[in-house]
2 protein chains.
Amino acid sequence: MSEHDFWRELGQQLRVDSVRAAVATKSGHPTSSMSAADLMAVLLAKHLRYDFDRPEHPGNDHLVFSKGHASPLLYALFKAAGAVTDDELLTFRQFGSRLEGHPTPIIPWVDVATGSLGQGLPFAFGVALAGKRLDRLPYRVWTLCGDSEMAEGSMWEAFEHAAYYELDNLTAVIDVNRLGQRGETMHGWDLDSYADRARAFGWHAITIDGHDVEQIDRAYSEAAETTDRPTVVVAKTVKGKGVKAVQDKEGFHGKALDDPAEAIEELGGKRNIRIEVARPESDGRPHSFPTGKLKLPRYEVGSEEATRKAYGEALAALGAGRGDVVALDGEVSNSTFAEIFAKAHPDRYFEMYIAEQQMVAAAVGLQVRGWVPFASTFAAFFTRAYDFIRMAAVSRADICLSGSHAGVSIGEDGPSQMGLEDLAMMRAVHSSTVLYPCDANQTAKLVAATADLEGISYMRTTRAATPVVYDPDEDFSIGGSKVIRSSDDDEVAIVAAGITLHEALKAADTLAEEGVGARVIDLYSLKPIDAETLRTAAEATGGRIVTVEDHWPEGGLGEAVLAALADRDEGLRVELLAVREMPTSGKPAELLAAAGIDADAIVEAARRLVAAAAAVSK
Amino acid sequence: MSEHDFWRELGQQLRVDSVRAAVATKSGHPTSSMSAADLMAVLLAKHLRYDFDRPEHPGNDHLVFSKGHASPLLYALFKAAGAVTDDELLTFRQFGSRLEGHPTPIIPWVDVATGSLGQGLPFAFGVALAGKRLDRLPYRVWTLCGDSEMAEGSMWEAFEHAAYYELDNLTAVIDVNRLGQRGETMHGWDLDSYADRARAFGWHAITIDGHDVEQIDRAYSEAAETTDRPTVVVAKTVKGKGVKAVQDKEGFHGKALDDPAEAIEELGGKRNIRIEVARPESDGRPHSFPTGKLKLPRYEVGSEEATRKAYGEALAALGAGRGDVVALDGEVSNSTFAEIFAKAHPDRYFEMYIAEQQMVAAAVGLQVRGWVPFASTFAAFFTRAYDFIRMAAVSRADICLSGSHAGVSIGEDGPSQMGLEDLAMMRAVHSSTVLYPCDANQTAKLVAATADLEGISYMRTTRAATPVVYDPDEDFSIGGSKVIRSSDDDEVAIVAAGITLHEALKAADTLAEEGVGARVIDLYSLKPIDAETLRTAAEATGGRIVTVEDHWPEGGLGEAVLAALADRDEGLRVELLAVREMPTSGKPAELLAAAGIDADAIVEAARRLVAAAAAVSK
């Protein structure tokens, strides 16, 4: 059999296996797999360099299915490569199988979870960036994109950034099968509409017939030979190719075939081709950066410093201490102070411009290769990347995010720039850690701690300079808290973090003058949360607690405290102070007062609780 | 004075006023305003059609500052138009002033809030779409974009969609001043990089010197004469133009000028030019669609129907009943069942393809003109648009969102498609309403109710068919709940909604057989929440409550219940059942069981609470 015929046969096997995989649960996306089968057959048989026995091999190429719903095709590739058995292939989508509906890194040969369209290419950008600029290894990154997902702006962020960073190790293959989930795409089979856009963004673009294995082979070779820019292969394909009942027809997206036996026969029957996938030529080790002694910045108690500034200084120090730490920012590094890292470690800093989705996706891609990424922007603008953060958790990614300019305390810029939902958003991410330091020393310690965390960590920082209240040698554990004021006869507990911690301290002073003992808890770790300390405080104060946060009332510090105390059957009387009206511009102090989250508001809430208790006990 | 000299003078006035506005609070973005001053001077003096006395005039053009930080320029325009006084201009960014740091619709001549970059053009698309396809009026939509924000993928979603919908009433002006917040943009002054991209996306593109008023004038005329496609004017400008101390220099973004008096002198001093802005030529009334009698679908109690299907059927019925209702979907209308509306009312349905950011932005744009938009996609994919939803609240927009395929109960598709953070995300939106119906009749009633709501409303729907438990004539108020099971001796309350309500009912049956009275509360309105009914239930059961939700534990139903009961000092013992591990693929029932949110898990939790109470009382 000629090489070309062999590839064609392999393509048919991938189709057959895609159809077979979808049988057991009568679900999945075989037709979306069949369109791209020839594209992937040629890749697997000739162009991919991958050691399936050593998925951690630094020289391996990377293959990202941006169209994650074509998972039957991906799993069929793994079978053809001998990585999964035919029996396992047939467990597709069943409870307990690692072959889920959409790929996740539970599977050793999958780098990132996909299935939210428009994300695979941005992730692939991150991996390719690692290859060029950090690992400095010749591996290639291949990504299979759907035509429907080209409508996602995030794809064009990836096009923009990959061209800007001249990532000639990145190849995108667009499977233009014309049909989306519910009908034709915007551009149908107009290949040039995609190629023209890609060229305008600085890519090399090749249009081909995606079922012609010779054209596919030539295109991949051309991509590998193209320097200084990434290549996109725009391939005209047919959805459901090879099975007349579904081929190029609407209404068969995400559906198992009605008559799989007939389809398999039409495709020439089951095959058992086994490919010896070429191994990486290079056994080279990835580049590494010097690792030194970690020397965190130290701030004098009583001085004032913004936690965002401490973030930048600590991150730069961490970068000196650890060669695996890298940083990204969304064109606001002079506000988040990521610029301090950028100046200290320019080789490990990547400007993401105003493209928060690409920034988070790049972080996910970088950690695929073992780098420890810290990505920063305003807290408000992480909302832009929430789908990417959500999917990063499905990817079991370890990334560190920092959002500055949280809350109304930013002042004059107004509500568009105020992060007021970030705590809720980040708490509701699986495996997340959510930190909100109040002073510079605490920030520095927590920045260092997050580098070792698994999962998605988030640190909220404050624009304004705030007093340093902790000694530089104080330790802060993830999941801990600090009782920063207490007495033997506390009548009320105030739970605060970040900017409101300082308001809480002022309030406690005022209350002390009135003879009211107020315990102040610095809840710098919102998730995990120190339930024990909260329970003790509730015990001591008869359940009287004021929570205060520069955030909407929903999903933030107050509700986190309530959830930690949900089983306290001795009773609670909690006042949740939070931002309840849409803020405006103004001075920070004016806005904290208007929102009812300043020291005066805390004092009043505490007085109400104590008075109510006194009334009851009378 | 020649017309051209007059425009130049007006441009200088706008610069001077931008500098003056920033003086009071020593903050704001005068340099970003100065680059675009000539572009806006020519627009105001000649091309804009706007009746400042009647901002609600349907024939008015619309001007959206996508670069919202250039607010001093916008307010200077309002002053030149006689809409705000010089005194008010100087209140810029002060507490109590409507001239906030970034524009919001508190100001009558502002349609949408901007300040999160990359959003103004997508909003403008929505307004232009309304003009072409709904209002059918000749107004034009102008939007001033920054060059930095062209890195946001959402801008390219707008480019894509505006070309697809052939919106020749839309003109984007890109103020290419070369400098972002922290340094040079990706493309500097390479005007063609923007123009080539825009042309590849199907726009007419014109490159000009943005300080040459004759070129500006010609470009706007050319834009107005261009048919079948939108026009982008790519203008080379100088940041801080006219003041040597800051002109084309880094480090002056978002800063008031150090020496405003000298800058004003350099710009030729204060002026008081007052422009009679041309009024709309058309006094035509907007097109309207027939409004008939609302006849909601009715479902038989005991039958089974998916709430997503009921959403689609109710929305189609609502469209027949109200001519102002329009719908959008992100290329999943055969899953969300928005397709039922699309088929019934094709003139009022807009396919947004897989571009959730643009979908929400389009909804915001459509409601600017009084239309009532319903936008749908999978619950999981609204995370993609969170920044747009957040900003829609700042825009005081009235939009209805519906997220289908919530939770693990979707089954085989796996976690990438499961909305598990949508309740937290949507609760943490100012002014939001969050609904989660459990059956088809309830869904239909709530769909009808949301059309009249102010703010952002969100309805979560379920993939699977669920039993119809309510009579079609039952009423459901926003902010209400239903006690669907209760007895005189309830020992525990189960609070559920949507898919888990049915598990709760099964659990209550099992508990009843064991002699344990369980009150079941259908908390279909998570926000606003029916605190009264929850308090009564806590009272009746000694505070023993099981909450159960197909959602992460953070920020969802359970925490909403706790927040509603935060002041219950008689004690609570709440068990929060929620999804705590990353789900996989599997059958819906397998996944509900694995997550510990099915009937069995509820029964066990209830037993634990009752047993603990019995142990205490012994």
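Which residue of β3(A) is the bridge partner of V141(A)? Select V141(A) and look across to β3(A), where the partner is L170(A). Helices and strands here are DSSP runs, helices being H or I of at least four residues and strands E of at least two, numbered from the N terminus.

Before going on, note that this is a predicted model, in which local features need pLDDT of at least 70 and side-chain atom pairs count only at pLDDT 80 or more, whereas totals for chains, interfaces and linings use all residues. Residues are numbered from 1 along each chain as its sequence is written, chains are lettered from A and ligands numbered from 1 in the order in which they are written, and side-chain values use heavy atoms, with hydrogens and water left out.

**First stop: the parallel sheet of chain A**

Stay with strand β2 (residues 141–146) of chain A, which runs parallel to strand β3 (residues 170–176) of chain A and is joined to it by 6 bridges; two strands count as paired if DSSP finds at least two bridges between them. Now select the whole open sheet of 5 strands, whose order in chain A is β1-β2-β3-β5-β4, with parallel pairing. At the edges stand β1 (62–65) and β4 (204–209) of chain A, and because each has a single partner strand, one side of each is left without a neighbour in the sheet. Neighbouring strands of this sheet are turned by 20° against each other on average, direction ignored.

**Second stop: where the two chains meet**

Select F201(A) and W156(B), an edge-to-face aromatic pair at 5.3 Å centre to centre, with 75° between the planes. F201(A) lies in the loop between α8 and β4 of chain A and W156(B) in helix α7 (residues 153–164) of chain B, so this pair joins two chains. Rings of Phe, Tyr and Trp (its six-membered ring) pair if their centres lie within 6.5 Å, and planes under 30 degrees apart count as stacked, over 60 as edge-to-face and the rest as tilted. Both F201(A) and W156(B) are buried, where buried means under 20% relative accessible area, exposed over 50% and partly exposed in between (1.4 Å probe, protein chains only).

Then show R197(B) and E160(A), whose side chains meet in a salt bridge (2.6 Å, N to O). R197(B) belongs to helix α8 (residues 191–200) of chain B and E160(A) to helix α7 (residues 153–164) of chain A, so this pair, too, joins two chains. A salt bridge is a side-chain nitrogen of Lys or Arg within 4 Å of a carboxyl oxygen of Asp or Glu. Both R197(B) and E160(A) are buried.

Another salt bridge to select is that of R384(A) with D387(B), the closest N and O atoms being 2.7 Å apart. This pair crosses from the loop between β9 (372–378) and α15 (386–394) of chain A, where R384(A) sits, to D387(B) in helix α15 (residues 386–394) of chain B. R384(A) and D387(B) are both buried.

Select D475(B) and K445(B), which form a salt bridge with the closest N and O atoms 3.3 Å apart. D475(B) is in the loop between β13 (465–467) and β14 (482–485) of chain B and K445(B) in helix α17 (residues 440–450) of chain B, so the pair ties together parts that are 30 residues apart in sequence. D475(B) is exposed, with a relative accessible area of 55%, while K445(B), at 21% relative accessibility, counts as partly exposed.

Move on to the open sheet of 5 strands with the order β14-β16-β15-β18-β19 (chain B) and mixed pairing. Its edge strands are β14 and β19 (573–577) of chain B, each of which pairs on one side only.

**Last stop: a helix of chain A**

Finish at helix α20 (residues 557–564) of chain A, where 7 of the 8 residues are buried, so this helix is largely enclosed by the rest of the structure.

Key: Axes fitted to C-alpha atoms, helices over the stretch in contact; angles between N-to-C directions.
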